[in-house]
Structures are given as structure tokens and as C-alpha cells.
Amino acid sequence: MKERLEQYRGKIIEFWNARTTKQKGLFITSFILFLIVVIGGSLLANRSTMVPLYSDLTMQEAGQIKAELDERGVKNEVTDSGTSIRVPSEQADALLVDLAAQGIPNSGSIDYSFFSENTSWGITDNEFDMIKLDAMQTELGNLLTGFAGIDQANVMINLPDQQIFVSDAQQEATASIRLTLVPGYTFEQDQVNALYHLISKSVPNLPTSNIVIMDQNFSYYDLNDEDIFSSANVYANQQAIKKDIERDIQRRVQQLLGTMIGNDKVIATVTTDIDFTQENRVEQLVEPVDEEEIEGLPISVETIHETYSGDQALADIAGAGEEDITNYPAGETGQGNYELIQESVNYEFNRIQREISESPYKIRDLGIQVAIDNRTGVLNAQGQPEYLTAAEQANVEQSIASILESIISTSIDGSYGEVDFAQNTSIVFQEFNNDPVANPAVFTIAVWMYIALGIALLLIIILIILLMRKRRGSDQSEFEAYEEVSATDSASVAETDFDDISGIEEAEDTEGTIRRKQLEKMAKDKPDEFAKLLRSWISED
């Protein structure tokens with residue numbers, strides 16, 4: 001066993017001595033890197049990752065949680081100036097559940113759940129009012145904290161005393177709010193207005209004028225409703241609506257014409273005249289039920305029919321005759337007949353009341369301008385581009401004009417009269433010098449560039465592999481040359497005394513002389529290997 005170990009040891013030493021200095025340095029570096037990777041990986045694998053258990057804590061909450069963790073013997077770290085606590089990742093979930101079951105952290109604030117958990121008959125009215133006010137402040141602060149940009153909210157509410165007599169004037173509540181904003185966050189005016197209205201509706205009898213909002217930097221946030229109706233905002237809103245309408249129509253026209261002609265062959269622009277007049281009116285209309293006969297619906301009919309026959313039938317009737325005076329009794333007497341037919345009908349008509357709010361966004365006029373590249377995309381014999389002929393341009397213009405007329409007729413409000421499509425459309429044929437502005441060119445890498453890059457990378461890898469193989473082959477061939485020389489001249493060298501090697505005449509240029517010179521060089525440069533070689537020859541003999 002010992003001889004085998006010595007033999008392995010000798011082979012290892014022989015292999016190590018046969019390596020060059022560069023190869024030895026490479027082996028040592030690789031071994032050191034291997035140790036670093038193994039040791040570092042073991043340390044990282046055994047090291048527990050610390051994750052945040054709680055963040056944004058107050059000093060009171062952080063101290064309460066740390067005391068509980070220390071009592072349990074849990075490893076913990078306090079970071080972020082005492083506002084965060086970190087624990088090992090494998091214990092974080094279990095600790096969250098356990099601490100929540102114990103009511104930790106306890107901020108000391110009172111919410112509305114207090115009334116369901118601590119109801120008793122011994123509480124006084126003053127104590128109840130104080131607890132209710134504290135709960136209201138806590139709930140409002142939690143409500144504000146839920147909005148983006150607000151890290152913490154402290155609310156102070158002052159509620160007036162209830163009035164005993166009805167005749168007494170009702171006093172108003174006041175509220176002071178301090179917000180801790182996220183660094184770099186800025187409120188817009190509409191967001192500030194929303195906060196004012198939210199707070200006003202959350203507290204009874206609290207007008208917006210009695211609310212004060214301030215952040216941690218002593219910056220006030222005031223309610224400003226007048227800016228909504230200012231002339232500057234109205235103009236900005238109108239321009240934004242006008243641009244949005246024009247952009248929508250332009251995209252539809254550009255997409256339609258681009259599909260027909262080509263996106264790089266057409267450019268479309270749109271201009272509009274928008275009526276922003278808003279009208280609110282009330283119409284009270286009376287219309288007949290039967291529109292053809294222009295009659296209403298009869299709701300009551302009264303018919304009177306009188307007849308008389310006998311003496312003085314006409315005497316009692318004032319002005320009944322053709323030649324009688326009206327309302328004056330006639331003087332004629334004698335036999336006669338009298339008949340009166342009278343009919344009264346009451347009709348009911350449709351009574352309609354309309355409250356109409358006209359939309360303020362109506363298109364009064366619309367203009368569409370289209371520019372088309374008149375090049376066909378084909379080069380002539382001289383290498384110059386060919387252009388559309390007059391007939392081809394006329395056909396294209398006629399097709400596009402019909403499409404634009406359809407778009408204009410469906411976009412413009414018909415209450416503004418007839419539309420002259422010839423004046424509202426403009427089609428121009430012109431050679432484009434650059435790419436259309438409506439479709440800017442996007443820089444993209446061609447597929448062949450990716451293929452070339454992949455081939456170049458593959459060639460580099462193959463070249464590196466070949467160089468490494470060549471280097472290994474040269475080292476091994478050198479070692480095999482020494483073994484071949486030693487195997488060929490083993491018999492002759494064994495019979496020759498080593499002391500006579502120096503006496504060999506250098507003038508002889510024979511094969512044996514050359515081999516001896518190689519052995520002599522090997523003995524000088526690598527004496528250990530030469531000694532091993534001699535021992536092997538002696539053992540063979």
C-alpha cells in the first residue's frame with residue numbers, strides 16, 4: 001500500500017514538474033477560485049436572508065415589536081432610522097400572524113371597532129364624546145392615508161357643542177389636517193379640491209371653508225374652485241377638445257388612404273370649426289292628436305235639442321225670423337213650429353314639455369387636406385423615377401374625393417346648412433422629398449445583422465477551442481518525444497557510463513550523437529525526469 005502511494009505521489013510530482021510555469025499558475029488560480037466558490041457558496045447557503053417585517057413604524061411601535069422579538073429570541077435588525085424591522089425570511093410569515101394575534105403593533109389610536117369591543121354601562125357622555133371624536137379622527141386619517149402620495153395623515157377635528165334650543169344658531173365644525181407626503185410627490189389642484197370635498201362630507205356640519213390642509217414642509221393646500229371656470233381653463237379645454245377631434249378624424253383618414261395607396265405615399269391633415277355654444281331651453285308644445293285632420297281628442301260632448309209646435313211659436317222667440325231684429329221680440333202671431341239644435345264638444349290636445357340641453361361640441365365646418373406622392377415607385381431606363389399621368393391622377397383624385405365627402409357629411413352637424421365639398425377638401429399631388437411626417441421612420445435592426453453577429457460569435461468560439469486543442473497537443477507531443485528517445489536508446493545508454501557522456505565527441509554527426517545530445521540536454525534541464533528515466537531503464541534490465 002505504501003509503495004502504491006509512493007508511486008502515485010511520484011506520478012503527481014512528475015506531472016507537476018512537466019508543466020510549464022504558465023500552466024502551473026493556471027492550475028493554482030483555478031484551485032483558488034474553486035475554493036472561493038465552494039466556501040462562498042456554503043456561507044451564502046447557510047446565511048439567512050433578512051426581509052422587512054414592518055415598515056414605516058413609529059418609535060413606539062418599533063420599540064414594542066423589538067422587545068417582543070428579543071423576548072422570543074428571534075434575530076432582528078432595526079433599519080431606516082428606527083422605522084423598519086428586519087427578520088429572517090423563513091420566520092417572517094409566522095411572526096406576522098403571531099404578532100397580529102397579540103395585537104402588535106398597537107398604535108394607541110381608537111377606531112370605530114372600539115365601540116363593539118368595549119361596550120359598558122359605566123361610560124359617561126363626556127367620555128363617549130371624546131372616544132367618538134378620537135375614532136372619527138383616526139378613521140379619517142386612515143382614509144386619507146389610502147390615497148396615492150400620502151404617507152401619513154394626522155387629523156384634528158373640533159366639533160361644536162349641541163344646541164339645546166331650536167332657535168339657537170347651529171355652529172360649524174373645523175378640521176386641521178397635516179399630511180406627510182411621499183418625497184417628490186406633488187398634488188394637482190383637482191386632487192386638492194377632491195380632498196376638501198371628501199373631508200367636508202366625512203364630518204357633520206363641516207364646510208370647506210373651515211378646513212386647513214398642510215404638509216410636512218409647511219405648505220398650504222387651498223381650495224380653488226374659481227380656476228375651473230376661468231377663461232384660461234375654458235380656452236385650454238376647448239383647444240384640447242378641438243385637437244382630439246381633429247386627431248381622431250385624421251387617423252381614420254390616414255389609415256384608410258394609407259391602406260389604399262400606402263402609408264409612405266399619403267399625408268392627411270384635418271382642420272375643424274367647433275361650436276362650443278351650450279344651450280339649455282324649455283319647450284312647451286301643444287300638438288293635435290290627429291295630425292292629418294288637425295283635431296284633438298274629444299273629452300266631453302254636450303247636445304241641446306229643442307222643438308215647439310203651436311200658437312205664437314215665433315212670438316216668444318226674439319229675432320227668430322229672417323227679417324226680425326236680433327234680441328227683439330217679433331210681432332207675428334199664429335201657428336208655427338220651433339226647433340233648436342246646439343252641440344258643444346271639448347277637445348284635448350297633446351301638451352308636451354321638453355327640457356333640452358344642447359351639446360356644446362358640434363362641428364360647424366370641416367376641412368381635409370391630402371397630399372399624395374405622384375411617383376409610381378418605378379425607375380425608367382435613365383434611373384429617374386416615373387410619375388403618375390394626368391389620367392391616373394384624376395382617377396385617384398375622384399376616388400379619394402368620394403371618400404372624403406362621406407367622412408365630411410357624417411361629421412358635420414346638418415343644422416348648419418349645406419356643405420360645399422369642393423371647398424372643404426383639397427387633394428394635391430407632389431413628389432415627397434422625405435418620409436411623411438404622419439408616419440415617421442422607426443430605426444430597426446435588420447435580420448441579416450443578427451445572423452451575421454451569431455455567425456461571428458460562433459466562429460470566435462470555434463477558434464478558441466481549436467487554439468486550446470493545439471496548445472494541449474504541442475505539450476503532449478513534446479512529452480511523447482522524450483519518451484520515444486528514452487525508449488529507443490535505453491539499451492545503449494544503459495551500457496555506457498554516465499561519466500563518459502561528457503567525453504562524447506561533438507564532431508560526429510550521427511544519429512546516436514544526436515540522441516546523446518538530447519539526453520544530455522534533458523539531464524541538464526530536467527534532472528529529475530532524467531533520473532526517473534534511468535531508474536526505469538535499470539529496472540527493465
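**Salt bridges and their surroundings**

Reply: Arginine 364 is partly exposed, at a relative accessible area of 35%; that term covers the range between buried (under 20% relative accessible area) and exposed (over 50%), computed with a 1.4 Å probe on protein chains only. The model is a predicted one, in which local features need pLDDT of at least 70 and side-chain atom pairs count only at pLDDT 80 or more, while totals for chains, interfaces and linings use all residues. Residues are numbered from 1 along each chain as its sequence is written, and side-chain values rest on heavy atoms, with hydrogens and water left out.

Side chains of opposite charge can pair when their charged atoms come close. A salt bridge is counted where a side-chain nitrogen of Lys or Arg lies within 4 Å of a carboxyl oxygen of Asp or Glu. By this criterion the structure holds 14 salt bridges.

One of them joins arginine 364 to aspartate 273, with 3.2 Å between the closest N and O atoms. Because aspartate 273 belongs to strand 7 (residues 266-275) and arginine 364 to strand 12 (residues 362-372), the pair ties together parts that are 91 residues apart in sequence. Strands here are DSSP runs of E with at least two residues, helices are runs of H or I with at least four, and both are numbered from the N terminus. Aspartate 273 is itself partly exposed, with a relative accessible area of 32%.

A second pair consists of arginine 354 and glutamate 283, whose side chains meet in a salt bridge at 4.0 Å, N to O. Arginine 354 is in strand 11 (residues 350-357) and glutamate 283 in strand 8 (residues 280-287), so this bridge links parts that are 71 residues apart in sequence. Both partners are partly exposed: arginine 354 has a relative accessible area of 39%, and glutamate 283 has 21%.

A further salt bridge connects glutamate 431 with arginine 375, the closest N and O atoms being 3.8 Å apart. Glutamate 431 sits in the loop between strand 15 (425-429) and helix 11 (447-488), and arginine 375 in strand 13 (residues 375-379), so the pair ties together parts that are 56 residues apart in sequence. Glutamate 431 is partly exposed at 28% relative accessible area, as is arginine 375 at 25%. Through shared partners, salt bridges join Lys265, Asp373, Arg375 and Glu431 into one network.

Threonine 425 counts as buried, at 19% relative accessibility. Contact means heavy atoms within 4.5 Å. Leaving aside neighbours within four places in sequence, threonine 425 is in contact with Ile368, Leu404 and Ile408.

Asparagine 424 lies in helix 10 (residues 421-424) and counts as buried at 10% relative accessibility. Not counting residues up to four places away in sequence, asparagine 424 touches Asp365, Leu366, Gly367, Ile368, Ile408, Ile412 and Val419.
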